[in-house]
Every structure is written in structure tokens, then in C-alpha cells.
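Hi,

Here is the structure I promised to pass on. Have a look at it first, and then read my notes below.

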Amino acid sequence: REQRPTNLFDRAMPSRRQRCMNMKVSIIIPVYNAERTLERCVNSVLRQTYRDVEAVLVDDASADGSRDMLRIYEKSNPRIRIVEHERNQGQMLTRRDGCQAATGDCVMFLDADDELPLDAVQRLIEARGEADIVCGNILKKRANGREELIANQPLDTMLHTQIYDHLLTERLKHSLCGKLYNAELFRSPDLKYYDGLTISEDGCLFYQLVQLARHLRTIDATVYYYLENKQSTSHATYTLKEAESIIISNKAMTECCMPYIERQRQALRRCAFKMMCLYAERVPAAEVTRLLKKHGMERYIASWRKFHMLDFAQQWFFVKRYIYVRLPKQCR
């Protein structure tokens, strides 16, 4: 028996799933000296099963052949757009300029030496609903062939205090990659970008995006392949520039949590832990204190070396870093 629609309004209005499937997605790719991996990265975007996708590639003053490759891509495919920097500005400002050039309803981030599973955008769009941020899992592929799944714990909430609880306890990862964002978040005048951050910029930006979002959801699906770079080497210690970047980023993350009374102690404990890790990584305690003063973090100075503030997992991590990094230098 034929079933008629309840009324004309129901027939005219598309479903929530249909509205999501009509959205354009902009994938922002910062590029710096990435000619070796760029083709593989871009192809993973162009081959997505979800077709309404554009790739916005921002060249951050590369010194290799990356810029020439980008210009060829742009001419050969209308779904590719490029932005060029005349001087190196770092990941945070590169992503900002990519978001400003994007024309999509939603935004994703992809590093130039990584790639997306072919159904990554499709899975995130289908799960979006009314959420401003949808978080998927990341599969880390190591150079030796081993794989590690970096997964989030289930979460579907409009409560910021609950989101920050998951972030502070690392049940929700603060990497910008592997997530789908409402593009309107990046048009907010309250979003702060910091020039010159060389490390820890992901958390600095993601904590702010959470503050602006009305709804966040996680899904149990792998939507990002993080490929370990064989040419990268682990650092023996942080430089003072990197230490300052970590301090600036942790200040921004801590301040995002402070309006929520039940998260204040968690945030302060996490910040103190990060400052202690700088010491374990051979950054002089006097320099840590100087940088804390420089960036108006005096209230953390008295507590950053209080070992008892840390939980057991943090204490054990700090002890291991101290033994393997700082102690060998002191024993020379």
C-alpha cells in the first residue's frame, strides 16, 4: 500500500543526513619541503569516496621543489587551491591562512607527509549531525612496519567541562588531525593564533576550538594515517625556542579550562607536569622560571616543581625522562 508523506513540509525538507552529505569539505595541508611525500598525500585527498572536497595547500616558503609541484597540481585539478608564503611562518599561521582561503562548510587538517583513508571524509560527514567537531581515530604506521591505533574514548556531548575532562586525562587526543570541524569556528574573533610556535601548536589551537564549539562527538573509525618519518630524529633536549613554545601553548590550554571550577586543579596539575618535563629534558630550571615570568604565568611558578601535585602516571613518566635524558648528562 502506498504511503503518503505526512505533509508537504516533511516532503520538502531534506533529512539531516542529506544536509550533511551536501556539505563541501576543505582539507588544509601545510607544506614545507615535502616534495618527497606530497604526491601521495594529495592523491589521498583527491581519491576520497566523498567527492565534494577541495585541497587547500599552503606552501610555507619551501626551499625544495614543493612550490613547483603545487603550481602544477593547481593547474591540472580545479579542486586544488594553493597559498604561498614568502617567509616561513610555522604550522599555526600556515593553518590559519589555509582556513581563510578555504571555501568549504567544514574543515579538516592533513600534514604533507601523512595521508587519509579513502573513506575518511565520508565517515566523518555521515557521523556529523549537528556536531561542530567530529573526532576519529589515527593509525600510526611506524617505519619498521608496526602499527599503533591512537583512539579516543566514546564522547558525545555539549558540555565543555566534560570535553576538557577527556582532554586533560588524554581520553580525547588534542591533535588537530583526524577531525572534522565546522568552518565557522575558524571565523571567530576570539580564536588566537601565535606567531613563531615551533612545537605544541596543535593543543594550543584545539583547546580554543573546543571552547567555541557547541557540540563534540567521537566515532570509532580510523580516519587518518600518521606515517612515521624515517628522516626525523628524536631530540636529545628541547631548545629554548621549543621550551618557550611549549610554555605559551600550555598557558593557552590551561586558561581555556580555568572557567570550569571542577577542571581547574586538573589543568594546573597538567601544566605543572609539562613544566617539570622541560626540566627533565635538560632545560635549566632558571630558564623555565624566566619564561614563565615573561609570559605572565607567575601563579604557576611556585607549583611547577611540586612533585606531589602529579598523579602516579605523571610521576613515573617524569622519572623515566629524568633517568634517560637528564641523568646521563649529569653523570658525564
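Which residues of helix α3 (residues 38–46) are buried? They are L38, C41, V42, S44, V45 and L46. Buried means under 20% relative accessible area, exposed means over 50%, and partly exposed is in between (1.4 Å probe, protein chains only). Helices (H or I, at least four residues) and strands (E, at least two) are DSSP runs, numbered from the N terminus. The cover over the buried residues of α3 includes β1 (25–31), β2 (53–59), α4 (66–76) and β3 (80–84).

Some ground rules: this is a predicted model, where local features need pLDDT of at least 70 and side-chain atom pairs count only at pLDDT 80 or more, while totals for chains, interfaces and linings use all residues. Residues are numbered from 1 along each chain as its sequence is written, and side-chain values use heavy atoms, with hydrogens and water left out.

Now the cores. A nonpolar core is a set of buried Ala, Val, Leu, Ile, Met, Phe, Trp, Tyr and Cys residues joined through side-chain atoms within 4.5 Å. The largest one has 75 residues, and V25, I27, L57 and F206 have the most contacts inside it. Helix α8 (residues 201–212) gives the largest share of this core, six residues. A second, separate core has 21 residues, including Y238, I247, A280 and M297.

What about disulfides, meaning pairs of cysteine sulfur atoms within 2.5 Å? There are zero in the structure. C204 is in none, as the nearest cysteine sulfur, that of C256, is 7.9 Å away. For C256 the closest cysteine sulfur is in C257, 6.6 Å off, so that is too far for a bond. C204 counts as buried because its relative accessibility is 0%, and C256 does too, at 4%.

Next, a helix pair. The axes (lines fitted to C-alpha atoms over the stretch in contact, with angles from 0 to 180 degrees between N-to-C directions) of α7 (residues 160–168) and α10 (residues 261–280) come within 10 Å and cross at roughly 25 degrees. The two are therefore roughly parallel, a label for angles under 35 degrees. Contact (heavy atoms within 4.5 Å) is made by T161, Y164, D165 and L168 of α7 and E262, R263, Q266, A267 and R270 of α10.

E170 is not a glycine, yet its phi is positive, near 60 degrees; E170 sits in the loop between α7 and β8 (179–182) and counts as exposed at 53% relative accessibility. S200 also has a positive phi without being a glycine, about 70 degrees, and lies in the loop between β8 and α8.

Cheers

Methods. A disulfide is a pair of cysteine sulfur atoms within 2.5 Å. Angles under 35 degrees count as roughly parallel, over 145 as roughly antiparallel, 65 to 115 as roughly perpendicular and the rest as oblique.
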